[in-house]
Amino acid sequence: MSLLRLENITKTYHLGEIDVPVLKGISFTVERGELVALMGASGSGKSTLMNLLGCLDRPTSGKYWLDGQEISSLSANDRALVRMAKLGFVFQSFNLLPRTTAVNNVLMPLDYSTKAPSIRTAVERAHEILERVGLGDRLEHVPSQMSGGQQQRVAIARSLINEPALLLADEPTGNLDSQTSVEILEMFQQLNAAGLTVMLVTHDPKVAAYADRVIRVVDGLIVEDDHGGRSIDVTRRDPKPKRERIDAVGATPAAHAAMVGAGESSISDGGGTMVAVRERTAAIAAKPAVAATIAAPAHSVRLGVAALFPAPLRTAATALRRNKMRSALTALGVIIGVGAVIAMVEISQGSRTSLMQTMATMGANTIMVRSGAAASGGISFGSGTLLTLTPGDSEEIEREASAVVATAPVVQIQGQVVYGNRNWIPMNVMGTTAPYLTIRDWEQMDEGEMFTDRDVRNANKVCVIGQTLVKELFDGQSPIGEDLRVKNVSLRVIGVLGRKGSNMMGMDQDDVLLAPWTTVKYRISDNSAAATEAAASSSTTSEVNSLNELYPGSTALYAEQSASQLANTPQPVRFTNVDQISVKARSAAEIPVAMDEITSILRQRHRIRFGQTDDFNLRDMSEMVKMMGSMSEMMGGLLMIVALISLVVGGVGIMNIMLVSVTERTREIGLRMAVGARSYHILRQFLIEAIVLCVFGGGIGILLGRAASYAVWLGLRWPVAASIPAIVGAFVVSATIGVAFGFYPAWKASRLDPIEALRYE
Ligand code: ADP
Ligand code: MG
């Protein structure tokens, strides 16, 4: 079976309205082991024919068999597979990857090979082949460090790495001087001698003279097929041009001498040397694999860490490293975007944490029960003026509500505190019970201890004070056992509260005096029965003097005591109402349950009928937590949107540069397709490049963002926390941006036509 069989192949280009017939019916066969030159003047259609033979293009009509397989009907992908498995290409312009070492250039076709060996074997094989083409000492050189001849040898080595059945060389010596041309042509002869079928395209008879057989094309038709009158014999190879053919085409003696070079003597004295050459080439040819004709290199192969990564990643990394600066600038958008996102998330999370901490100092899971608003004559006195909330309510709630762990009644007054010659008006003078500290998470006393239930029962004149009072009244000295006066009532200090700091509103929580509620209510406060009543009645009767007459129905809240009543009860009637009840729920989650329970208990105790409104109201911190949380969330959200926009801008930047890169690397894409890359390989390569850029940018962005939030911590002492979800999210987002914005350029690259890409200037 012939390696190559063409049957009446035609190719017509359509330029707008005009048809340009380039090949007009070409038929020939090539056997395995032949060295064929395809010769013709420039424009005669050689390259067109070569592209057909190389499965880069399809004929307009006619049939083409390669290795028994009909090619002209194959799809583009199948043709790529054929190129990968059976063909090697050598171009006039070398088409090496720039800024890529010789070894990596040679290894490139293996990226697309379906039978690629392990990376170690592959590198060994590349070294071997490079040594074979005489570049053993140029393995790590990049094309710009090599001469044209050396570059063409690298290209030949590259075409051999996949052990092709057919080597196609289009004007391989077109860009080389005559001496180098001879070396290259001799190399083809050696390869051919070792069993490789070589097809050489040239316009130059001197080059064609190196072949066994010359097919001459004129205007798209074969005008001569010259076997040189010899039968094809693989073992009978002559690695020098045939003198008679050179003479026949009339080469100038000077050019001839230059071309034949050092080999001249072996030809001119004929006989002996020729036999020696034949024996050597025959020995080479006898070896089975093309790549095995040279012994394995003595030095061992060193593989970098790069070998650990899969080939597509390596390819992408190499491509990106070729343009370090540009890659870095391309990634900049993503770096800034991701950095901003990370910094935003960490800082806003930090501020939320600090908010939560402040909130916790106010007492976690607390609910405040305040009495409702009293109204008289259509005038409301505001929240807390109804006198219906009692310590009994507090006890009942603690007893009955399952979601409640502690309750404490609270009465609050304003008043001056005096010690010796100093005085101070604390923010809060509160009467309560011992559990109040539990509710406020304030059990830790700085000194002394809290008053007890007995103190409450007996209305003992004791108190505990906060740090601010210690500072203001006692100059930081221990106040335990000292007596201070509140509204002329002497109270003994028995404890000092631990420091709590300011709350969310910036109010000093340590500016507080706590005493038993009974003491505050009955000894200090002027909320005695008479005063309460006076206040209640005065607000309606005295203060709104003129209106009083208009509403005759408005009576005093409480009936005045008769003289005998006053005589029988020397103590004033004790109103046991309190201003509020502090409640601690079992957990934040149970706050709603606790609130429901409190509501039903209080409604029952206060005998509020269905449909009537509550005479108390409940407030919990969660409202405030929620409010604060939603505020910081909103800020965070806004900043996040800005950061995301910058990410999108970064993505557009990447798309832009990738498009430029695709245009710039059109020839590289064409070359990769020629050596067997299918369009999905090209798509994958550019997509991976975009993703690598993005993920790399994302990684740097994460570090930058962390650095920024650390700087905030250093400067502002805001607690910032590394957020794992944010980091993972940033990676996912940047990879997604890579895919989203890299796809179009990659798709564009994958749709390129290999021939046009190779011809692209
Ligand atoms: P050569 O023998 O010099 O390699 P080519 O095969 O490159 O010649 O070209 C043969 C003819 O086909 C030329 O006249 C050229 O103008 C024409 N040709 C080649 N490629 C195209 C194309 N893509 N579109 C139109 N005409 C083309
Ligand atoms: Mg050409």
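## Basis

In this predicted model, local features need pLDDT of at least 70 and side-chain atom pairs count only at pLDDT 80 or more, while totals for chains, interfaces and linings use all residues. Residues are numbered from 1 along each chain as its sequence is written, chains are lettered from A and ligands numbered from 1 in the order in which they are written, and side-chain values use heavy atoms, with hydrogens and water left out.

## Around ligand 1

The residues around ligand 1 (a heavy atom within 4 Å) include Tyr 13, Val 22, Lys 46 and Arg 759. By type, the shell divides into 4 nonpolar, 6 polar (Gly among them) and 2 charged residues. Its largest share, 3 residues, comes from α1.

Oxygen atoms of ligand 1 are 2.7 Å from a polar backbone atom of Gly 43 and 2.8 Å from one of Lys 46. At Thr 48, an N or O atom in the side chain is 2.6 Å from an oxygen atom of the ligand. The protein covers 67% of the 560 Å² of accessible area (Shrake-Rupley method, 1.4 Å probe) that ligand 1 has on its own.

## Strand β3

Strand β3 (residues 35-40; strands are DSSP runs of E, at least two residues) is largely enclosed by the rest of the structure, because 6 of its 6 residues are buried. Buried means under 20% relative accessible area, with a 1.4 Å probe and protein chains only. Leu 35, Ala 37 and Met 39 lie on one side, and Val 36, Leu 38 and Gly 40 on the other.

β3 pairs (at least two DSSP bridges) in the parallel sense with β8 (residues 197-202) over 5 bridges. Ala 37 has Leu 200 as its bridge partner in β8. Another 5 bridges join β3 to β9 (residues 213-218), also parallel, where Arg 216 is the partner of Met 39.

How values were computed:
A polar contact is a pair of N or O atoms within 3.5 Å; within protein, one must be able to donate a hydrogen and the other to accept it, and residues adjacent in sequence count only if both atoms are side-chain atoms. Helices (H or I, at least four residues) and strands (E, at least two) are DSSP runs, numbered from the N terminus. Buried means under 20% relative accessible area, exposed over 50%, partly exposed in between (1.4 Å probe, protein chains only).
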